[in-house]
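Please keep the sequence and the structure in view while reading.

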Amino acid sequence: MKTLLKNLGIIFGTMLLIVSCSDNNENDNVEKESYQTTLKMTDAPIDNANVEAVFITVSDVKVDGNSIEGFSKTTFDLSALVNGQTKTLGNLQMEAGTYSNIELVLDYANDMNGNSPGCYVEMADGTKDRIEASSNTVDITDSFEVFATNTNEIIIDFDLRKTIKEEQGTLESDFDFVTLSELSAGIRTVNKEATGEISGTVNDSQDTSDKIVVYAYEKGTYNAEVETRGQGESSIRFANAVTSAEVGGINNSYSLNFLAEGEYELIFASYTQDGTEFYFNSQLEVESITGLDLGAINITSALQLSANVTVTGTASL
């Protein structure tokens, strides 16, 4: 009897092992579901009135080493992609999850039509100033999430204010990309579905500024003493701002787009114009017309908040 029970136990255990291995093999063979994902590019404005446009030529875009479908070498004006405007780069079928590796392959020498240069700043007088970095591959390490839906739009925010520098001390304008590490840090990625927007107007009845720029910071990260001075090798002001927007138009309006969910504080900065250059003057003191706490704005997906303000003076730093 004991022998019979022992043999039955062995047989039963073997059957369980076979079933388990069979299930594992079936799971390994099941293809994971993927979702349509569109990659788009946007920009934050550059601080130079003499810059007419900033063209870049992208020869390839890769996500985790895979080139996006339907993409061919393209040249476009980054500086035109402000206030929520985007340029579609292409599509990928991607599994739901978090990703943190996008590569932009730039062609500095030739544009999409074979003309030289491929990446350049176009000045108001029509002259072109070639720009390039130490490598033609820019690694974007900012993470983004793909959701289990076919409406994924991954926004690549190529912040010109952080990624283009002007060499000082030259008679003519001389622009270039910042260092490769600064270039990578100046580009952020986010899924549009998980973003909100802050827009509004600025009433500057005291005429404090030739230009006003609004910076969005994650709550608690703004340090006036640090941010109003140039940081890093390329001396980038307001380097840790998530994004920025220039106040302009008839209504002195601004729009901060594609803000990931979280709490933000808004910083308003005054700039003075000298010839074609704008120079940081001071941080502005403002009051919210709508009663919104400008130091703790909670953004959730698809939320569009209005933050209208009045300038009350300049802040001492």
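T75 lies in strand 4, which covers residues 74-77; helices (H or I, at least four residues) and strands (E, at least two) are DSSP runs, numbered from the N terminus. The model is a predicted one, in which local features need pLDDT of at least 70 and side-chain atom pairs count only at pLDDT 80 or more, while totals for chains, interfaces and linings use all residues. Residues are numbered from 1 along each chain as its sequence is written, and side-chain values use heavy atoms, with hydrogens and water left out.

T75 counts as buried because its relative accessibility is 17%, where buried means under 20% relative accessible area, exposed over 50% and partly exposed in between, with a 1.4 Å probe and protein chains only. In a regular strand the side chains alternate between the two faces of the sheet. In strand 4, T74 and F76 point one way whereas T75 and D77 point the other way, and all are buried. Strand 4 pairs with strand 2 (residues 51-63) in the antiparallel sense over four bridges, pairing being assigned if DSSP finds at least two bridges between two strands; I56 has F76 of strand 4 as its bridge partner.

Once neighbours within four places in sequence are set aside, T75 is in contact (heavy atoms within 4.5 Å) with F55, I56, T57, D111, M112 and G118. N110 is 35 residues from T75 in sequence, with a C-alpha to C-alpha distance of 9.4 Å.

D107 is located in the loop between strand 7 (102-106) and strand 8 (120-123), and D107 is buried because its relative accessible area is 19%. Not counting residues up to four places away in sequence, D107 touches T57, K73, G118 and C119.

| Side chain | Partner | Distance |
|---|---|---|
| T75 | T57 side chain | 2.7 Å |

How many residues line the second largest pocket? The lining has 31 residues, of which D142, K162, A185, R188 and V242 lie nearest the centre of the pocket. Strand 11 (144-146), helix 3 (180-185) and strand 15 (187-191) are the elements that give two or more residues to this lining, and strand 15 supplies the largest share, five residues. A pocket is an open set of points on a 1 Å grid over the protein atoms alone, where a 1.4 Å probe fits, with protein on both sides within 12 Å along at least five of seven lines, and lining residues have an atom within 4 Å of a point. The volume of the second largest pocket is about 590 Å³.

## The chain as a whole

The protein has four helices and 24 strands, and buried residues make up 44% of its 317 residues. Of the contacts with a separation of 6 or more, 75% are between residues 24 or more positions apart. D47, found in the loop between strand 1 (34-42) and strand 2, touches R161, K211, V213, Y215 and Y271 when residues up to four places away in sequence are not counted.

How values were computed:
Points joined across faces, edges and corners; volume = space filled by probe spheres on them. Polar contact = N/O pair within 3.5 Å; in protein donor to acceptor, adjacent residues only side chain to side chain.
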